[in-house]
Amino acid sequence: MLIYMYIHYLCAKNKLNMVYEKKMPVDLDCPLRLTMSLIESKWKSCILDELRSGEAKRPSEIHKSLPEAAPRVLDIQLKEMIEDGLVDKTIYPELPPRSEYRITDLGKSLLPIIDSMLQWGEEHFDIFERKYGASEKQSL
């Protein structure tokens with residue numbers, strides 16, 4: 001019984017210490033892949049777009065602006081964006097603790113790419129309409 005409890009303890013400990021690692025290393029010889037590695041996830045471009053004004057936003061504000069995204073996923077992606085230098089996080093020493101996110105100059109340098117993606121999506125909206133059906137805006 002003691003051995004079983006020890007094995008269970010080790011398994012639980014390893015699960016808590018597990019960190020997500022990307023399966024494929026980043027290709028340092030390809031500028032396109034390097035750029036994509038910063039904004040490749042589903043919500044990073046949307047987060048940058050939400051922070052584009054330069055005003056700091058609290059996590060709850062970001063979550064409310066992207067209701068389709070799970071808060072945990074947004075938190076993970078915000079953490080990655082901080083590590084990549086795209087976003088700054090300020091934690092205020094008060095009770096209850098308060099934090100805010102703000103886009104950095106490096107994050108702002110990606111906005112023209114996001115703007116191009118937005119424009120392309122608008123210009124080719126019919127492709128998505130055929131693929132996914134009529135949007136809620138048009139069906140209301």
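**Stop 1: the strand pair**

Select aspartate 88 and look across to strand S2: arginine 102 stands opposite. This is a predicted model, in which local features need pLDDT of at least 70 and side-chain atom pairs count only at pLDDT 80 or more, while totals for chains, interfaces and linings use all residues. Residues are numbered from 1 along each chain as its sequence is written, and side-chain values use heavy atoms, with hydrogens and water left out.

Now widen the selection to strand S1 (residues 87-92) and strand S2 (residues 98-103). They pair in the antiparallel sense over six bridges. Two strands count as paired if DSSP finds at least two bridges between them. Helices (H or I, at least four residues) and strands (E, at least two) are DSSP runs, numbered from the N terminus. How many residues does the hairpin use to join S1 to S2? It uses five.

Show the side chains too. In a regular strand they alternate between the two faces of the sheet.

**Stop 2: a salt bridge by the strands**

Select glutamate 100 and arginine 98. Their side chains meet in a salt bridge, 3.1 Å from N to O. A salt bridge is a side-chain nitrogen of Lys or Arg within 4 Å of a carboxyl oxygen of Asp or Glu. Is glutamate 100 buried or exposed? Glutamate 100 is buried, at 14% relative accessibility. Arginine 98 is partly exposed, at 23%. The cut-offs: buried is under 20% relative accessible area, exposed is over 50%, and partly exposed lies in between (1.4 Å probe, protein chains only).

**Stop 3**

The whole structure has seven salt bridges. For another one, select aspartate 115 and arginine 52, which meet at 2.6 Å, N to O. Aspartate 115 lies in helix H7 (residues 111-123), and arginine 52 in the loop between H3 and helix H4 (59-65), so the pair ties together parts 63 residues apart in sequence. Aspartate 115 is partly exposed, at 33%. Arginine 52 is also partly exposed, at 31%.

**Stop 4: one helix, one turn**

Go to helix H8 (residues 125-132). Select arginine 130 and aspartate 126, a salt bridge with its closest N and O atoms 3.3 Å apart. The two residues are four apart in the helix, so about one helical turn separates them. Arginine 130 is exposed, at 63%. Aspartate 126 is partly exposed, at 38%.

**Stop 5: H2 on H3**

Select helix H2 (residues 31-39) and helix H3 (residues 44-51). Their axes are 7 Å apart and the packing angle is about 70°. That makes H2 roughly perpendicular to H3. Axes are lines fitted to C-alpha atoms, for helices over the stretch in contact, and angles run from 0 to 180 degrees between N-to-C directions. Roughly perpendicular means 65 to 115 degrees. Color Ser37, Leu38 and Ile39 of H2, then Lys44, Ser45 and Leu48 of H3: they make the contact (heavy atoms within 4.5 Å).

**Stop 6: H3 on H5**

From H3, color Lys44, Ile47 and Leu48; from H5, color Leu74, Gln77, Leu78, Glu80, Met81 and Asp84. These residues make the contact.

Technical notes:
Parallel < 35°, antiparallel > 145°, perpendicular 65-115°, else oblique.
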